[in-house]
Each structure stands twice: as structure tokens, then as C-alpha cells.
Amino acid sequence: MSGSQSDERAAVVEARYQMLAARFGDRFDAAAEEKLRADLAKLVDAADALRALPLANGDEPDFVFPPVRRDG
């Protein structure tokens, strides 16, 4: 990961953390804060990996969801 990419990733993680801290910050101790930042970093990485997949307009999902109909 280049320097600008890691800076951007860190900024996204920090922004998401600050959003959570503004809402629930009184519930975080130092250990929870560290764990939350690590979990947010993993989520940002997963989202980046999903965004990197090329999709065309007509691409179908990997599976087809058949709804179950119940009679009665």
C-alpha cells in the first residue's frame, strides 16, 4: 500500500471511529478503542476489496435466492 493510500485508509478509519465515539464514546475504554479501530481497519480493507471487483451492469449474483412459498 502506498503512502497516500495508507494515509487515506487511516483517515477513513479515524472518521468512522470519530462517528462512533461521538455517539457511544462514553462506553469505550482504552482496550475497546484499540479493538474498535482494528476492526474498523479490517472493514475498510474488506470494503476496498469489494470495490475493486469489476462489475458490469448485467452481472448476476453468485447465487439465486429462491423464496419459499407456504400454502395457506
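Q: How do you know that the span of H2 agrees with its 23 residues?
A: Count 1.5 Å times one less than the number of residues. For the 23 residues of H2 that should come to 33 Å, and the end C-alpha atoms are 33 Å apart, so the two agree. H2 covers 30-52, and a helix here is a DSSP run of H or I with at least four residues, numbered from the N terminus.

A quick word on the source: this is a predicted model, where local features need pLDDT of at least 70 and side-chain atom pairs count only at pLDDT 80 or more, while totals for chains, interfaces and linings use all residues. Residues are numbered from 1 along each chain as its sequence is written, and side-chain values use heavy atoms, with hydrogens and water left out.

Q: What about Gly-25, and why does it get its label?
A: Gly-25 is in the loop between H1 and H2. Its relative accessibility is 26%, so it counts as partly exposed.

Q: What makes Phe-63 buried or exposed?
A: Phe-63 lies in the segment after H2, and its relative accessible area is 57%, so call it exposed.

Q: Which residues make up the largest nonpolar core?
A: A nonpolar core is a set of buried Ala, Val, Leu, Ile, Met, Phe, Trp, Tyr and Cys residues joined through side-chain atoms within 4.5 Å. Here the largest one has six residues: Val-13, Tyr-17, Leu-36, Leu-40, Ala-41 and Val-44. In soluble globular proteins, nonpolar side chains tend to be buried together.

Q: What do the buried residues of H2 pack against?
A: They pack against H1. Leu-36, Leu-40, Ala-41 and Val-44 are buried in H2. Leaving aside neighbours within four places in sequence, Leu-36 is in contact (heavy atoms within 4.5 Å) with Tyr-17, Leu-20 and Phe-28.

Q: What classes of residue line the largest pocket?
A: Five nonpolar, one polar and five charged. Ala, Val, Leu, Ile, Met, Phe, Trp, Tyr, Cys and Pro count as nonpolar, Asp, Glu, Lys and Arg as charged, and the others, Gly among them, as polar.

Notes:
Buried means under 20% relative accessible area, exposed over 50%, partly exposed in between (1.4 Å probe, protein chains only). Helices (H or I, at least four residues) and strands (E, at least two) are DSSP runs, numbered from the N terminus.
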